[in-house]
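Try each task yourself before you read the solution.

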Amino acid sequence: GGLSDKESIAVAPSGRLYAAWDEADLGNELELAWSDDGGASWSSFVNPTGSSVLGVIVTTSPNGTVYLTWWNLFSDDIMFDWSWDGGLTWHADVRVNSVAGSARSSGSWQIPIPAMVVDPSSGDIYIAWPDYRNGNQDIYVARSVNGGQSWSSNVRINDDSGSSTQYMVDLAVDSRGNIYIADTGNFK
């Protein structure tokens with residue numbers, strides 16, 4: 001394309017590779033493609049959403065369901081979508097942040113790009129993101145136990161009591177189902 005940005009890649013249990021990104025030259029359009037031959041050839045691009053995005057993340061469940069999460073640039077929301085047929089069809093986008101418009105940027109590089117991980121044992125999905133609902137960026141996390149059809153209450157995970165800004169979050173899950181979250185803090 002032109003200006004491909006914020007790329008993400010995942011490998012399904014079947015071995016299919018998925019790549020997702022936002023195409024900045026096309027108004028930050030979400031793009032997804034897959035390869036069944038180790039990356040030698042790729043499918044046509046698919047755009048599962050009509051919104052402008054930044055920071056799309058792709059992963060898969062233990063059964064091969066494809067999951068996407070991203071920051072919607074115009075609504076300031078963290079969105080989620082899934083495909084049970086390898087990326088051919090998609091469902092309605094679901095907002096993950098419980099306070100509409102709370103996933104706002106806080107400066108030029110302090111943008112609310114989400115992180116996502118799937119527990120390989122339970123299949124639970126976790127999404128974390130920088131959220132501005134308290135007047136500065138805090139890290140919030142939500143969990144889905146039903147493949148992203150609904151999400152738990154949002155939980156603030158950073159424990160600072162001041163006006164610190166947290167952003168650039170990432171997630172990991174271990175074999176016992178423990179979730180680990182790391183972020184960058186910009187202390188004021």
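Throughout, contact means heavy atoms within 4.5 Å. This is a predicted model, in which local features need pLDDT of at least 70 and side-chain atom pairs count only at pLDDT 80 or more, while totals for chains, interfaces and linings use all residues. Residues are numbered from 1 along each chain as its sequence is written, and side-chain values use heavy atoms, with hydrogens and water left out.

**Exercise 1. The whole chain**

Task: Describe the overall make-up of the chain, and find what share of contacts between residues at least 6 apart in sequence join residues at least 24 apart.

Solution: 
- Start with the elements: there are 13 strands and zero helices. Both are DSSP runs numbered from the N terminus, helices being H or I with at least four residues and strands E with at least two.
- Next, take the dimensions: the C-alpha trace spans about 50 × 40 × 25 Å along its principal axes.
- Then look at burial: 52% of the 188 residues are buried (under 20% relative accessible area; exposed is over 50%, partly exposed in between, with a 1.4 Å probe and protein chains only).
- Finally, the contacts: of those between residues at least 6 apart in sequence, 41% join residues at least 24 apart.

**Exercise 2. Aromatic rings**

Task: Which kind of aromatic pair do tyrosine 67 and phenylalanine 80 form?

Solution: 
- Recall the rule: rings of Phe, Tyr and Trp (its six-membered ring) pair if their centres lie within 6.5 Å; planes under 30 degrees apart are stacked, over 60 edge-to-face, and the rest tilted.
- The whole structure holds seven aromatic pairs. In this one the centres are 5.4 Å apart with 40° between the planes, making it tilted.
- Now place the residues: tyrosine 67 is in strand 5 and phenylalanine 80 in strand 6, so the pair ties together parts 13 residues apart in sequence.
- Check burial: tyrosine 67 is buried at 4% relative accessible area, and phenylalanine 80 is buried at 0%.
- Ring pairs also link Tyr67, Phe80, Trp82, Trp84 and Trp151 into a cluster.

**Exercise 3. The cores**

Task: Find the largest nonpolar core and follow the contacts of isoleucine 125.

Solution: 
- A nonpolar core is a set of buried Ala, Val, Leu, Ile, Met, Phe, Trp, Tyr and Cys residues joined through side-chain atoms within 4.5 Å.
- The largest has 20 residues, and Phe80, Ile125 and Trp151 are among those with the most contacts inside it.
- Strands that each supply at least two of its residues include strand 5, strand 6 and strand 9 (125-131).
- Leaving aside neighbours within four places in sequence, isoleucine 125 contacts residues including Tyr67, Phe80, Met116 and Trp151.
- Another core, of 16 residues, lies apart from the largest one and includes Leu30, Leu32, Trp34 and Val46.
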